[in-house]
Amino acid sequence: MGCEVEFGIYVEENMILLQTESTSYVIAVSDGYPGNLYYGERLEGFPSRDSLRESEYSYLKGNNGEKCTFMDGFPFEYGVTGTGDFKSSCLEVISSGFTGCELKYKDHRIYKGKNKKSGLPTAYGNEEDTMTLALILEDTAGLVEITLFYSIFRGMDVIVKSADVRNISGAPIKLGKVLSSSVEFGYDGQDIITLNGSWAREHIAERRPIGYGRVSAASTRGISSHQENPFIAIVSGNATETEGEAFGTALIYSGNFLAEVERTQHDTLRAVIGINPYGFEWTLEDGEIFESPEAVLVWSSEGIGEMSRRFHDYIREHLIRSGYLYKDRPVIINNWEATYFDFNEDKLLEIARRAKDVGIEMLVMDDGWFGKRYDDTTSLGDWKPNPERLPDGVKGLKEKINAIGLDLGIWFEPEMVSPDSNLYRAHPDWALQIPGREPALARTQYVLDITRKEVREYIYESVASILRESDIRYVKWDMNRPLTDIGSRVTRPGEIYHRYILGLYELMDRLTTEFPDLLLENCSSGGGRFDMGMLCYSPQIWCSDNTDAVARLDIQEGTTLVYPPSAMGAHVSVCPNHLVGRTTDLRTRGYVALAGTFGYELDITKVSDEDMEIVREQVSDYKRFGHLVREGDYYRLASAGSVLCSAGNPVKGGRIGRSYAWSFVSKDKSEVLLTYIQKTGEANVRPEIIKLAGIDRSKRYRLDDGRSYTGDELMNIGFVTDRQRGDGSGSIYHFTAEEV
């Protein structure tokens with residue numbers, strides 16, 4: 001096909017071409033074996049088959065003695081374990097005690113729209129903007145039929161992939177591994193980027209060269225985890241924010257995952273992503289289908305920043321379903337860091353009155369309102385208001401909060417149970433546990449076995465009854481520990497991790513269906529379950545329990561590699577910060593929180609009148625600029641980290657960066673919000689010059705103070721920031737476009 005190929009899916013001579021706005025994905029079938037021929041910058045037609053190296057495999061010429069060489073070298077579209085493909089595989093099938101499978105092309109379908117998954121969150125698209133390829137493969141020994149799904153979206157440079165495995169053997173089989181996606185590239189000095197960390201320092205980006213062998217990001221904790229995030233990027237060695245090639249893939253899933261890159265002996269790269277095979281062994285009866293989660297693939301030839309923006313647009317347009325996606329969200333004040341467990345109704349009302357004075361719109365009542373929850377050792381699972389704290393219950397408190405002029409939100413941790421609780425005393429078997437072994441406590445709590453229907457029903461009614469009775473429209477759904485002691489009275493051991501997540505999704509789906517106006521914010525000790533699966537149910541996720549503004553610079557920068565800033569739960573907290581002990585200027589704390597959902601995490605009754613005026617200004621800024629955060633394009637302009645530079649040379653411009661700068665640019669390029677934060681103060685340095693990106697070169701941009709600049713000046717020469725003094729000082733600048 002020599003002419004230009006528009007958006008769509010095309011077939012020609014044993015080749016399939018998926019064409020997005022700026023990228024192409026090519027599958028080629030060799031002797032029935034589907035191969036991954038190309039994924040990258042847009043082609044204007046079908047390429048040659050030379051890169052498959054078919055002429056080098058004597059097996060393809062009929063020499064069966066060389067089958068192992070072929071299986072070990074061919075770039076399989078969906079690699080399997082046990083029959084000679086030794087690279088990172090996607091599928092492991094166990095039948096009659098033997099492990100092995102061999103997949104060949106059977107059929108394909110191309111259709112408008114996309115398929116849904118049973119019990120799993122999925123991307124969405126309609127017949128006008130979405131096309132899907134269903135590539136059907138069959139095992140040569142008749143064990144399984146695999147359907148690989150590929151969906152593309154008009155206006156989006158994104159491909160969504162997944163796999164369905166159907167047992168056609170006539171007898172039960174076991175699956176030891178079912179991943180969602182595999183892509184192959186030639187090795188050319190690329191780096192890998194992952195998001196790593198721990199509690200209170202989540203999503204710290206790390207970039208390093210790819211050596212021989214396998215490197216992975218993974219979780220075996222039952223949650224996507226603080227330690228590693230279900231995302232990896234492969235970028236050219238010279239890639240920066242604005243230049244170079246960047247491939248990213250992320251999983252629409254909230255449990256154990258594996259994202260792995262292998263550099264082979266032949267200098268090829270295979271990147272796979274899906275459910276972690278650790279602790280996974282799925283029994284599939286004859287005729288049954290196992291559905292993998294969806295994986296999201298993005299390619300950019302315009303640097304890491306463009307990769308991020310393509311993820312952001314896709315998540316907003318085809319993943320988040322909440323009605324709050326582009327709406328003003330209430331400015332929240334949460335009482336956790338203000339009071340911890342030491343509060344009563346009077347204290348909450350005092351906070352609400354003071355908050356109302358500066359325009360805050362919602363009080364979120366955090367942990368401690370139920371049972372005998374005076375500390376974190378008791379009462380999880382007993383979701384009844386404590387009359388000593390709430391004499392008129394949640395409903396009565398909400399009525400009093402509403403009378404002040406605020407709304408009320410509420411915190412739950414429904415997946416957990418305290419040993420010291422009425423629920424655990426009545427149903428000790430409802431907790432995950434291995435018979436005969438003492439379960440491991442974390443934060444003095446166990447994990448409820450939500451693979452069991454009766455447990456899910458109890459959890460759901462506990463939450464829903466409070467919402468029904470009190471007309472609560474905001475829930476913070478927390479989850480404060482990993483899964484351990486993986487034992488269930490009703491669920492096979494190898495299926496517990498995945499069925500737990502399916503049970504969680506069922507609860508989330510029921511809740512958002514019965515309460516469509518609910519603003520659901522997910523949390524897992526901060527960012528321990530910050531993933532695309534959760535974003536299908538909640539438009540925002542608490543990014544980290546670390547609210548220190550300076551620490552948040554790295555946390556939030558890493559998060560935005562994949563996730564839109566509008567999804568990041570971010571609050572202004574008191575200083576010295578409760579976790580790190582640092583004191584940062586109140587204005588800077590507001591600037592950093594403004595890059596997310598924005599709210600407060602402090603005892604506002606103790607804030608001085610002078611600082612209250614700053615809080616009032618910050619709330620006003622959020623109301624004025626929030627639409628840019630929710631809807632605009634996000635640009636990382638300067639960083640004190642090293643991800644924007646090559647892995648071997650973290651120095652930029654001759655010196656390690658001392659600041660962070662980012663901007664939000666409206667889609668029509670008429671508005672820009674630039675934020676500049678000096679991470680560390682230095683002596684005898686001039687104010688920094690920041691070059692803007694993504695604006696209209698032909699327009700003139702005017703600051704609110706009257707200064708104006710042409711777009712090409714701001715992009716090519718840059719903007720001179722104000723002089724800053726001290727660590728963590730900063731400024732924001734609002735530009736409005738006008739015709740030249």
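Predicted model: local features only at pLDDT ≥ 70, side-chain atom pairs only at ≥ 80, totals over all residues.

I'd like a close look at the sheet, and then a word on the cysteines.

Which strands form the open sheet, and in what order? And how many disulfides does a search of the whole structure find?

Modeller: The open sheet has four strands, lined up as E1-E2-E3-E4 with antiparallel pairing. In general, strands of a sheet pair through backbone hydrogen bonds, and they can do so parallel or antiparallel. Now look at the edges: that's where you'll find E1 (8-12) and E4 (33-41). Each of these has a single partner strand, so one side of each has no neighbour in the sheet. On average, neighbouring strands here are turned by 15° against each other, if you ignore direction.

Let's zoom in on E4 and its partner. Strand E3, residues 23-30, is joined to E4 by eight bridges, and the two run antiparallel.

On to the cysteines. Searching the whole structure turns up zero disulfides. Take Cys-68: the closest cysteine sulfur, in Cys-101, is 17 Å from its own sulfur, which is too far for a bond because the two sulfurs would have to be within 2.5 Å. Cys-543 is in no disulfide either, and the nearest cysteine sulfur, that of Cys-523, is 10 Å away.

How values were computed. Residues numbered from 1 in each chain as written. Heavy atoms only, no water. Pairing = 2+ DSSP bridges. Axes fitted to C-alpha atoms, helices over the stretch in contact; angles between N-to-C directions.
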